[in-house]
Amino acid sequence: CILCGQCFVVCPQNAKEIVSSIETVKVMLDSGSKVIASIAPSFIANYDGIGIESIRQALRKLGFADAEETAIGATIVKNEYERILAQGSHDVLISSCCHSVNLLIQKYYPQALPYLADVVSPMLAHCMDIKRRHPDCKTVFIGPCLSKKDEADVYGGVTDAVLTFEELSEWLEAASIELTPG
């Protein structure tokens, strides 16, 4: 259950089964650490009519210090791609912010690795930016994709935990916190 942290989040395509990170995040919050959430822009599709301020307020009720949109990281990533392209040293450049696509290339198409742009995802870029601005904080990415949990593990120390929107919704419901439109 949500309270004991033994729940599983299951990929809708049945590709992965991953343990919920709610308890991990609760421990971070209970430790007194400053915890800042990075919210994927797709929250708009998941929480119809809910704006970032409503999400931020709900997360503060859960104990988060703040919440920001991962779009900040997307801007950082876009600027890095523009810098690489302006150099003109690549005839072919594969860009992907999707950890699963990057793993696919690494595992099944290693001949394409030289063309894979050496640019982190918006999640990682945003969490790095948050930690640059708040050196002692912990970061939690909240988004729709289970693959981000593996990405956070692979790049340890940048994104301290990942919650899916499903996990967040379950946690908010268990805490009797309602998101208000606006």
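Ground rules first. The model is predicted: local features need pLDDT of at least 70 and side-chain atom pairs pLDDT 80 or more, while totals for chains, interfaces and linings use all residues. Residues are numbered from 1 along each chain as its sequence is written, and side-chain values use heavy atoms, with hydrogens and water left out.

**Stop 1: strand β3**

Select residues 35-39, strand β3. Helices (H or I, at least four residues) and strands (E, at least two) are DSSP runs, numbered from the N terminus. In β3, 5 of 5 residues are buried. Buried means under 20% relative accessible area, exposed over 50%, and partly exposed in between (1.4 Å probe, protein chains only). Val35, Ala37 and Ile39 point one way; Ile36 and Ser38 point the other. In a regular strand the side chains alternate between the two faces of the sheet.

Strands pair if DSSP finds at least two bridges between them. Ile39 stands opposite Ile142.

**Stop 2: aromatic pairs**

How many aromatic pairs does a search of the whole structure find? There are 2. Rings of Phe, Tyr and Trp (its six-membered ring) pair if their centres lie within 6.5 Å; planes under 30 degrees apart count as stacked, over 60 as edge-to-face, the rest as tilted.

Select Tyr47 and Phe165. Their ring centres are 5.6 Å apart and the planes are at 80°, so this pair is edge-to-face. Tyr47 lies in the loop between α2 and α3 and Phe165 in helix α8, so the pair ties together parts 118 residues apart in sequence. Tyr47 is buried at 9% relative accessibility, and Phe165 is buried at 4%.

Next, Phe64 and Trp171. This pair is tilted, at 6.2 Å centre to centre and 55° between planes. Phe64 sits in the loop between α3 and β4 and Trp171 in helix α8, 107 residues apart. Phe64 is buried at 3%, as is Trp171 at 4%.

**Stop 3: cysteines**

Select Cys97. A disulfide needs cysteine sulfur atoms within 2.5 Å. The structure holds 0 disulfides. Cys145 has its nearest cysteine sulfur, that of Cys98, 5.9 Å away. Cys97 is partly exposed at 32%, and Cys145 is partly exposed at 30%.
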